[in-house]
Amino acid sequence: MADVRGAGPGASGWMGKMHTMACQTFPHVMGTAGGIAKAVALVADNPKAAADPAIRASGARRLTSRRDAVQDPEGDLTDICLPDSPHHKVAKAALLAGRHVCCEKPVAGTVAQARDLAGIAAAKGLVTRVGHAVPRNPVDDPARDIIANGGMDEIRLFMPCQHGDTDGDPLARCLWRAGGKPAPSGIAGDAGTPVFGFIDLPVGRVSETNADTCIVTPRRPVMSGLSCEKQAALSGTETRLDVTNPGGASILCGFANAARGLIDFSRIATGRRFLRTCGVCGTGGSLSRTDDKGNRLRLCTNDANGRRGLRGSDATRRNDIARRFRPVPGFAPGRSDGRIIGAAEVIRSITTGQPMWPGFGSGHPICRIADACMDPSRPGRRVSIT
């Protein structure tokens with residue numbers, strides 16, 4: 001059994017903490033995957049927060065430089081949990097240094113950057129992973145099997161959505177995701193990426209999009225010490241920044257197999273603390289699920305007797321991965337479970353040399369879709385994706 005030694009830029013943020021937890025936890029649930037993860041260096045951009053990651057990962061050295069983490073001679077894996085804009089630069093440096101790379105979504109801010117990373121990783125034979133935790137919900141395994149085995153016949157319609165209300169209040173503080181510079185892929189790269197991440201496997205390649213995006217609050221106050229959903233107590237002297245990234249998007253898309261997509265996502269759906277649903281309709285049946293009932297898969301099929309009807313089932317009951325977390329049927333998997341599954345798969349890929357979905361090659365086409373949705377020169381117009 002081998003130790004996979006990891007260095008983590010962005011370790012003090014929410015996602016960095018989730019990644020550290022997942023790497024420490026997965027052997028208890030998923031087994032050793034041929035090896036275990038050992039954090040040797042953690043990077044916190046905020047020096048005041050640098051002590052906390054080291055406490056959570058005993059023995060890890062505290063660094064304040066991303067470059068030091070990438071070039072750390074002890075590291076095998078660079079785990080990137082940073083805002084969107086530095087993803088390409090940090091991931092490329094890690095790949096060129098011969099490190100395997102796990103990077104939070106989106107893998108890059110542009111199509112060209114994503115293509116660059118995928119090409120370097122392939123040329124060097126390195127393992128890569130994009131942090132699409134949502135599609136690693138075990139309930140999606142039987143869904144994909146049903147579709148792959150022809151259970152839906154010809155796929156005609158794909159209907160996913162993701163909505164939250166972190167930006168629903170106009171007095172909510174201005175987060176880095178509101179700006180086009182730190183988050184160049186916008187709402188499509190953030191809330192859209194988990195939705196797009198599910199497309200390729202059950203439905204196929206997207207060939208065209210027609211997107212409508214919106215900015216509902218053009219300026220927001222800059223406040224410190226507030227969580228993203230808290231209303232600011234304004235004094236009237238706060239600095240306000242321009243919001244340059246849309247808070248919502250509605251997308252019509254076409255697929256290479258002639259299926260159609262109705263896709264929407266936002267951060268401005270007041271009262272929707274977090275809503276994610278997904279539906280796939282074919283000529284022979286349909287599948288649908290909602291994340292707040294994470295183990296439930298609703299299935300409609302046309303059998304030989306012509307019986308029709310939508311019925312629900314615990315789709316994780318016979319799923320080996322789900323049983324590792326919840327031996328009692330009916331317990332729904334959570335968001336952290338997806339991170340744990342992903343961490344185990346990354347380590348297994350490194351120790352066995354067997355790539356697992358989604359790598360940087362999968363992140364590249366998703367960036368193409370995000371680019372097309374966010375193209376400011378063609379709002380509300382059909383964009384072909386090549």
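**Exercise 1. Which residue in β12 is the bridge partner of Ala249?**

Before we start, note that this is a predicted model, in which local features need pLDDT of at least 70 and side-chain atom pairs count only at pLDDT 80 or more, while totals for chains, interfaces and linings use all residues. Residues are numbered from 1 along each chain as its sequence is written, and side-chain values use heavy atoms, with hydrogens and water left out.

*Solution.* 
- Step 1: find the strands. β11 covers residues 248–255, and β12 covers residues 260–266. Strands (E, at least two residues) and helices (H or I, at least four) are DSSP runs numbered from the N terminus.
- Step 2: check the pairing. β11 and β12 run antiparallel and are joined by seven bridges; two strands pair if DSSP finds at least two bridges between them.
- Step 3: read off the partner. Ala249 has Phe265 as its bridge partner in β12.
- Step 4: look at the turn. The β11–β12 hairpin has four residues between its strands, and Ala258 in the turn has a positive phi of about 80°.

**Exercise 2. Find a strand that pairs with β12 in the parallel sense.**

*Solution.* 
- Step 1: β7 (residues 155–163) pairs with β12 in this way, over five bridges.

**Exercise 3. Work out the strand order of the open six-stranded sheet and name its edges.**

*Solution.* 
- Step 1: the order is β3-β2-β1-β4-β5-β6, with parallel pairing.
- Step 2: from one strand to the next, the twist averages 25°. Angles run from 0 to 180 degrees between N-to-C directions, with axes fitted to C-alpha atoms, for helices over the stretch in contact.
- Step 3: α1 (residues 14–30) lies across β2, β4 and β5, at about 155° to β2.
- Step 4: Contact means heavy atoms within 4.5 Å.

**Exercise 4. Is Phe196 buried or exposed, and what is it in contact with?**

*Solution.* 
- Step 1: Phe196 is found in helix α8 (residues 192–196).
- Step 2: its relative accessible area is 2%, so Phe196 is buried. Buried means under 20%, exposed over 50%, and partly exposed in between (1.4 Å probe, protein chains only).
- Step 3: leaving aside neighbours within four places in sequence, the contacts of Phe196 include Ile251, Ile263, Phe265 and Ile369.

**Exercise 5. Trace the salt bridge between Arg267 and Asp190.**

*Solution.* 
- Step 1: their side chains meet at 2.6 Å, N to O. A salt bridge is a side-chain nitrogen of Lys or Arg within 4 Å of a carboxyl oxygen of Asp or Glu.
- Step 2: Arg267 lies in the loop between β12 and β13 and Asp190 in helix α7, so the pair ties together parts 77 residues apart in sequence.
- Step 3: compare burial. Arg267 is buried at 9% relative accessible area, and Asp190 also counts as buried, at 10%.
- Step 4: widen the view. Salt bridges that share partners join Lys105, Asp167, Asp190 and Arg267 into one network.
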